[in-house]
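Hi everyone, thanks for coming. Let me put today's structure on the screen, and then we'll walk through a few spots together.

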Amino acid sequence: MSARSWNRDPKDSVELAGPPVFEEGQKVRSLRDVRNDGTYPGRPVGDIMINVGDVGYVKSIGTYLQMYYIYAVDFYERRIILGMRAKEMELVDGRCNDPQ
């Protein structure tokens, strides 16, 4: 592996400097197809896990590399939970779980 491949994208900011973009329980939509990068067991590398427009709910929020927020999103119709970054999703309904 070359030294260049270890460099972070200069366009990426340190997300942890601010609050998370999404909150637990919020309804989100995927902005892109997401393929298995080898971190999801039981599925071939390169297999499409979710498609553009698939909807899910943020279940929890973690961090990665002390730089990024990672959102565990439950794509209930596909019966799969994936870790996603904020730039890969958009908010569908921020108030969907509020009391009526």
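**A glycine and some rings**

Let's start with Gly 53, which is partly exposed, with a relative accessible area of 32%. Please keep in mind that this is a predicted model. You'll find Gly 53 in the loop between β3 (48-50) and β4 (55-64). Which residues does Gly 53 touch, if we don't count those up to four places away in sequence? They are Arg 29 and Ser 30. Along the chain, Gly 53 and Ser 30 are 23 residues apart, yet their C-alpha atoms are separated by 5.1 Å.

Now for the rings. We describe a pair of aromatic rings by the distance of the centres and the angle of the planes. How many aromatic pairs does the structure hold? There are 3. Take Phe 22 and Tyr 71: the ring centres are 5.4 Å apart and the planes are at 80 degrees, so we call this pair edge-to-face. Phe 22 comes from the segment before β1 (27-30), while Tyr 71 belongs to strand β5 (residues 68-75), so the pair ties together parts 49 residues apart in sequence.

Tyr 71 also pairs with Tyr 69, with centres 6.4 Å apart and planes at 40 degrees, so that pair is tilted. Are these residues buried or exposed? Phe 22 and Tyr 71 are both buried, with Tyr 71 at 0% relative accessibility, and Tyr 69 is buried at 12%. Together, Phe 22, Tyr 69 and Tyr 71 make one aromatic cluster.

One last stop: Arg 85 has its charged end over the ring of Tyr 68, 3.8 Å from the ring's centre.

Technical notes
Residues numbered from 1 in each chain as written. Predicted model: local features only at pLDDT ≥ 70, side-chain atom pairs only at ≥ 80, totals over all residues. Heavy atoms only, no water. Phe/Tyr/Trp six-rings, centres within 6.5 Å; stacked < 30°, edge-to-face > 60°. Helix = DSSP H or I, 4+ residues; strand = E, 2+ residues; numbered from the N terminus. Buried < 20%, exposed > 50% of the residue type's maximum accessible area, 1.4 Å probe, protein only. Lys NZ or Arg CZ within 6 Å of the ring centre and 35° of its normal. Contact = heavy atoms within 4.5 Å.
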